[in-house]
Amino acid sequence: MAGLCYFRPSNKCMAEFKLPPISTLAGSSLRNYFKVLSGNKIESRFYLKVFLSLLIILIGTPFRWIESLKFNQKIKKFEFEEPPLFILGHWRSGTTFLHNVLCQDPVAGYLTTYNSLFPHYLGSKWLFETFMSVTMPDKRPADNVKLDTRYPQEEEFSIGNVHPYSYYNFWYFPDRYKEYYDCYVRFKDKKVKEVWKEKYRRHIIKSLLDTNGRRAIFKNPVLTGRVHALTELFPNANFIHIYRNPVVVFLSTRKFFRELFPTLWFHEISNDEIDEMIFTTFIKMVNDFEEQKKLIPEGQLIEIKFEQFEESPKEHLSDIYSQLKLDSWELAAPQFEKYISAQKSYKKNNYKISQKDLDRVLHEWGFAMKLWNYEVPENLDVISP
C-alpha cells in the first residue's frame, strides 16, 4: 500500500525471538493514545498489545519532550523552497511504486518508514530505529515489496500518532470506518480540519529536515479524498493521480486488507465485512476525488494509468517532470533508471475471482471502469459457481 503497519514481528521473528505484537500506536504520545482508544471496543485478547504499546509510549515520553524542544524553532523558521508533490490513488493502484521511484530524485524529501511510526523521535533513532528494525519483516506480507526503516513511506499512520484525526484509526476499530471517513477525510468539523492542516504542514517540514530534501514527495491513498484540504494548505502543490483496473484493485485490496487487519485491529470483523468496507470506501474516494480535482489549478495535476506507467516508466517520468515543470530531471533520470532496473525481478501476485465477486465489481464500480476506460482483464481467472 499502500500502507505500512508492519510494526509487529513476522512469523519468523516470533518463532526465533518470541517477540510479542505491539500496535503501531506505540509511536504515539500518551494523550493521543488514550484519545484514539477512548470509547472503542477492545477485545480481551488484545489487552496485552494495549499494555505493551502503552509501555513503549511511556519509555518514549522523555524523548518526545526533547524532540519538541529541538525542532519547534526550526519548524517555525522553515520556508519551503518549492511546492510539495502529492501522489493520489486508491490502495493497490500503484502509488507505492510511483512514490518509491520519484523519491530516488536527489532533491526529494519524504517521510521514512521509521518516521511513519515514530514521528516524535527523529533525534532518538539510535534507540527506536534499532527496535523497529528487529520487529519488522523484510518484506510487506501482502505483496512482497521490500521494507527498510529508511525507505519512503506513506504518512497516515504517522498522522495518527500525532493526533487522533487519522482515517487509519479504522485499522484498529474497523466498525467505525464510515464515521472516520466523514470525520477525518471529508472533515465535517471545520475545527478538526484546521488542526489537521496545521499538524500536516509540520509533518512535511520535519520530513524535509530529516531527509535533507527540498521537494516534499508524499503519497497516501487517503489524500485522494482530501484534495480540498491540501489545496487550501498548499495552493501551489502539484498532484499525480494514478489509477488501475478496478477489478485488479478490488482483488489486490481484499488480499491486502485481509492479511493486514489481523495485525492491527483491537476487535475482529468478518471477511464479508471487510469486502463491504472496500466496496463502500472505493466509491466514496473516487467520487470525492472527481468532485474535488477541479480545485487543483490548471497545470498542477497529472493523471496516469498504472498499467501504462508500469510498461514505460521512464517515458512517463519524463512527462511528469516536463508537465509539472520540475527542474531536477538531469539529476534524477540516472537514479530512476537504476531503481527501475533493480525492480525487474519483482514478481506480482496472480489473482482469481468468483463470478459473483466479478459481477459485484462491475455493478458497483462500473462507473470507474467507464470513467477510466477499462475492461475485465483478459488473463483473469474467473471461477464459476
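**Aromatic pairs**

Across the whole structure, a search finds 45 aromatic pairs. Rings of Phe, Tyr and Trp (its six-membered ring) pair if their centres lie within 6.5 Å; planes under 30 degrees apart count as stacked, over 60 as edge-to-face and the rest as tilted. This is a predicted model: local features need pLDDT of at least 70, side-chain atom pairs count only at pLDDT 80 or more, and totals for chains, interfaces and linings use all residues. Residues are numbered from 1 along each chain as its sequence is written, and side-chain values use heavy atoms, with hydrogens and water left out.

How are the rings of Phe 46 and Phe 266 arranged? Their centres are 6.4 Å apart and their planes stand at 85 degrees, so the pair is edge-to-face. Both Phe 46 and Phe 266 are buried (under 20% relative accessible area, where exposed is over 50% and partly exposed in between, with a 1.4 Å probe and protein chains only). Lys 49 lies over the face of Phe 266, 5.7 Å from the ring centre; this requires NZ of Lys or CZ of Arg within 6 Å of the ring centre and within 35 degrees of the ring normal.

Let us turn to a second pair. Phe 157 and Tyr 168 are tilted, at 4.7 Å centre to centre and 55 degrees between the planes. Phe 157 is buried, with a relative accessible area of 3%, and Tyr 168 is buried at 1%.

Finally, one aromatic cluster includes Phe 157, Tyr 168, Trp 91 and Phe 256. Over the face of Phe 256 lies Arg 92, at 5.8 Å from the ring centre.
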